[in-house]
Amino acid sequence: MINLGMETTRPSAAASSGTAEKAFSFLSKGWREVRDSAGADLKLMRARANSFKDLADRELENFLNSASAFSAPPLPPAEGAIAEIEFVKRIQPKLSEIRRAYSSPDFSRKVLEKWSPKATIRIDLSAIKNAIVSEADVAGGFLDFRIEGVQGRRKVRWKGWESEGEEEEKEWEPIRMLKTGLKEIERKSQSTDIFGNFAGSELVEKLKLSLRSISKEPQECKEILPLDLPELLAYFVKQSGPLFDQLGIRRDICDKMVEALCSKQKDYLVSHSLSASEESLPRNENINDELDLRIASVLQSTGHHYDGGLWNDAAKHESTDKKRHVAIVTTASLPWMTGTAVNPLFRAAYLARTAKQNVTLMVPWLCKSDQELVYPSSMTFNSPEEQEAYIRNWLEERVGFKADFKISFYPGKFAKERRSIIPAGDTSQFISRKEADIAILEEPEHLNWYHHGKRWTDTFNHVVGVVHTNYLEYIKREKNGAIQAFFVKHINNLIARAYCHKVLRLSAATQDLPKSVICNVHGVNPKFLKVGEKIAAERERGEQAFSKGAYFLGKMVWAKGYRELIDLLAKHKNDLEDFKLDIYGNGEDSHEVQSAARKLDLNLNFLKGRDHADDSLHGYKVFINPSVSDVLCTATAEALAMGKFVICTDHPSNDFFRSFPNCLTYKTTEDFVARVKEAMASEPQPLTPEERYHLSWEAATQRFMEYSELDKVLSSDSNVSREGANPKNILKKSVSMPNMSDMVDGGLAFAHYCLTGNEILRLATGAIPGSRDYDKQHCIDLHLLPPQVQNPVYGW
């Protein structure tokens, strides 16, 4: 019983009396059942004992009746008759005494006192032996008790009055008949006819349980005390961490609240949370762990088991073959040269290269009208097969091997205002049930802003989100950006918590999402590493590797660092009088950027955008990137791979590049000038093999497997338990505990499903009209059935 009060009050007399009467009634009923069962078993035992006694009486009576018919070995007529009569007379009182002893009423009681289910009845025949020996000596013979044979069986022989020259030894007939009778008694006593049913009787089992409960040590039956109010509040605060995090309350504040509630009772928790069988487990100094053990022990003592959550779908995918399935879902596709199109493509290729799992890359399919707006040079495709062929050719040209993975398309629509592709309909339904095992969501917030379908974590066994873009930084630059960023921040938190098991952030420049860790899981196109090796070889031969100065490459929009670049060059125009910079890029803000540069009379040369791997860019020595909106700039990694200097700001997005000697960071505008002069006056250092591997997709894939915990998930079949002997895990396994975090996540997913199902709310938040379902053109292009009213995802 859980005590919710601050003080303990004494129960009333009526309540105590009622409780006592119920307890007495329960004990009386149990004792009557045991008594009735014991009585029935004792009657059965008494009948079996009487049967055994009657059998013994009959055997002894037969023995006595046949005593007069005993015959001895051939003897002289007179002497043999006298010896036989005298022997029978002397042994008959002894046999009568034996008969009285075994026929007495106390015999069965003594047998039952000595007997247990696993014991055997042993009859002491020493008195018979002594009597027979004493009488045999008078008769002029002797008994030979000796061991014969490999089994060590005792042979009793009568020796004496042998014929002259005769070596034959014969067993005395009375002893032989006595032995035969006793063996028959022993055989029948061990048969199931007498005691077979007694061994498994209910009485024996009840007696065992009673003795076990009586003999328990006091520590083993120590009562686990109920929870008090501070413990309940502490556990509520601890489990409410996800909700507080969603409301913007820091996690360390929640931890301090839990510690304040439990600090005074830590010794109490330690002494009362574990039973005697668990006292040997090591104690954890963390108050949160102690609280978990305390709650688990109380639930275990009550026998409570929590079978599942309110929102969770217990049905999960089970692979029908030996290989696991990985589905990579992204928000863009080639020929759009953006990070969310290129990096997931490389990830799919290198995950499939290991051949340990089947890989499917899911990319959006755009109708022709949207293709013309998105893809460069108004490139279009008539069918998904045609676009798939283009993607594979582009990839194989760069990686140098044939990637064995599947490419699948889902319906998408292009949002002109946001310059991004929004999924149409429920994306998860385009993954077959047999392949719904592991999901990698590239840009999980983008994929799920308007997702109206089944929860990813209910469909897949393990869901990993990879955050590519710092959306909050872009939104803050818009009109009313601060207010929009506030709402988007909480929506992103909701999506990450509701739809992912693990979230990977490429750098600390992104929003601090729930369930997230920071790790760069992107690599560099192998083509750039080959360019770097080529330049290093030219420098070793004494050839001039870099014939050009500095450049900048990126999509020409203000948010990509063009504003910061123009401000830096304008402020230090005199300090960098002879410095010339070439800029490669196309974009919506091209005209405005070029106009601003001309007004300030900056020494900038604007050129058409091109692929960073183009031969015309190999001769540049310095790459300048002042952007602070990037999460992890792909162009920076590519420039380092080609052996160039990189000048970038001291920003979390560039933390991964700090370890490279050719990366020059600056904090102030004066530092920027110093880094430019340093780079222009010196030569970059060649990359070491370790640095090249650190930039490669092989290393990126290895980091991804580790930080996403995908290596543990994929090897879960061969390693059944990875938790070791952690006492906390052992105790948690013994009793299921309700997890408020799971309940909060499920509730958020349900709320998001309800909100995204309303077309008015979707349009108010910037969704594309009609994007809740795919349209007829998608049905024609992707050979889909017309969208129908689906069964509710969340049933009641």
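# Briefing: a buried serine, an enclosed strand and charged pairs

Ser507 is buried, with a relative accessible area of 4%. The model is predicted. Strand 5 (residues 406–415) is largely enclosed by the rest of the structure, because 9 of its 10 residues are buried. A search of the whole structure finds 25 salt bridges.

**Ser507 and its surroundings**

- Ser507 sits in the loop between strand 9 (502–505) and strand 10 (516–518).
- The Ser507 side chain reaches the backbone oxygen of Val631 at 2.5 Å.
- Neighbours within four places in sequence aside, Ser507 is in contact with Ile518, Val631, Pro652 and Ser653.

**Strand 5 and its partners**

- Strand 4 (residues 357–365) pairs with strand 5 in the parallel sense, over 6 bridges.
- In that pairing, Met362 stands opposite Ser408 of strand 5.
- The hairpin of strand 5 and strand 6 has 4 residues between the strands. In this hairpin, Arg419 takes a positive phi near 55°.

- Lys413 forms a salt bridge with Asp775, with the closest N and O atoms 3.9 Å apart. The cut-off for such a pair is 4 Å.
- This pair links distant parts of the chain, 362 residues apart. Lys413 belongs to strand 5, whereas Asp775 lies in the loop between helix 30 (759–764) and helix 31 (776–782).
- Lys413 counts as buried at 11% relative accessibility. Asp775 is partly exposed, with a relative accessible area of 28%.

**Salt bridge from the hairpin**

- The side chains of Arg419 and Glu588 meet in a salt bridge at 2.7 Å, N to O.
- Arg419 is in the loop between strand 5 and strand 6, and Glu588 is in the loop between strand 12 (581–584) and helix 22 (590–599), so the pair ties together parts that are 169 residues apart in sequence.
- Glu588 counts as partly exposed at 41% relative accessibility. Arg419 also counts as partly exposed, at 30%.

**Other charged groups**

- Lys573 and Asp601 form a salt bridge, the closest N and O atoms being 3.6 Å apart.
- Lys573 lies in the loop between helix 21 (562–571) and strand 12, and Asp601 in the loop between helix 22 and strand 13 (604–607), so the pair ties together parts that are 28 residues apart in sequence.
- Lys573 is partly exposed, with a relative accessible area of 35%. Asp601 is exposed, with 54%.
- A network of salt bridges links Asp650, Asp655, Arg658 and Lys667.

**Helix 26**

- Helix 26 (residues 697–707) has buried residues Trp697, Ala699, Ala700, Thr701, Arg703, Phe704 and Met705.
- These buried residues pack against helix 13 (339–353), helix 25 (689–695) and helix 27 (710–714). They also pack against strand 7 (438–442), strand 8 (462–467) and strand 9.

**Nonpolar surface patch**

- Ile483, Phe486, Phe487 and Ile491 form a nonpolar patch on the surface. Together they have about 410 Å² of accessible area.
- Ile483 lies in helix 19 (residues 481–499). At 52% relative accessibility, Ile483 counts as exposed, because the cut-off is over 50%.

Technical notes. Residues are numbered from 1 along each chain as its sequence is written. This is a predicted model: local features need pLDDT of at least 70, side-chain atom pairs count only at pLDDT 80 or more; totals for chains, interfaces and linings use all residues. Side-chain values use heavy atoms; hydrogens and water are left out. Buried means under 20% relative accessible area, exposed over 50%, partly exposed in between (1.4 Å probe, protein chains only). Helices (H or I, at least four residues) and strands (E, at least two) are DSSP runs, numbered from the N terminus. Two strands pair if DSSP finds at least two bridges between them. Patches are made of residues with over 30% relative accessible area and no salt bridge: like charges are joined within 9 Å, nonpolar side chains (Val, Leu, Ile, Met, Phe, Trp, Tyr) within 5 Å. Accessible areas come from the Shrake-Rupley method with a 1.4 Å probe; for residues, only the protein chains shown count as cover. A polar contact is a pair of N or O atoms within 3.5 Å; within protein, one must be able to donate a hydrogen and the other to accept it, and residues adjacent in sequence count only if both atoms are side-chain atoms. Contact means heavy atoms within 4.5 Å.
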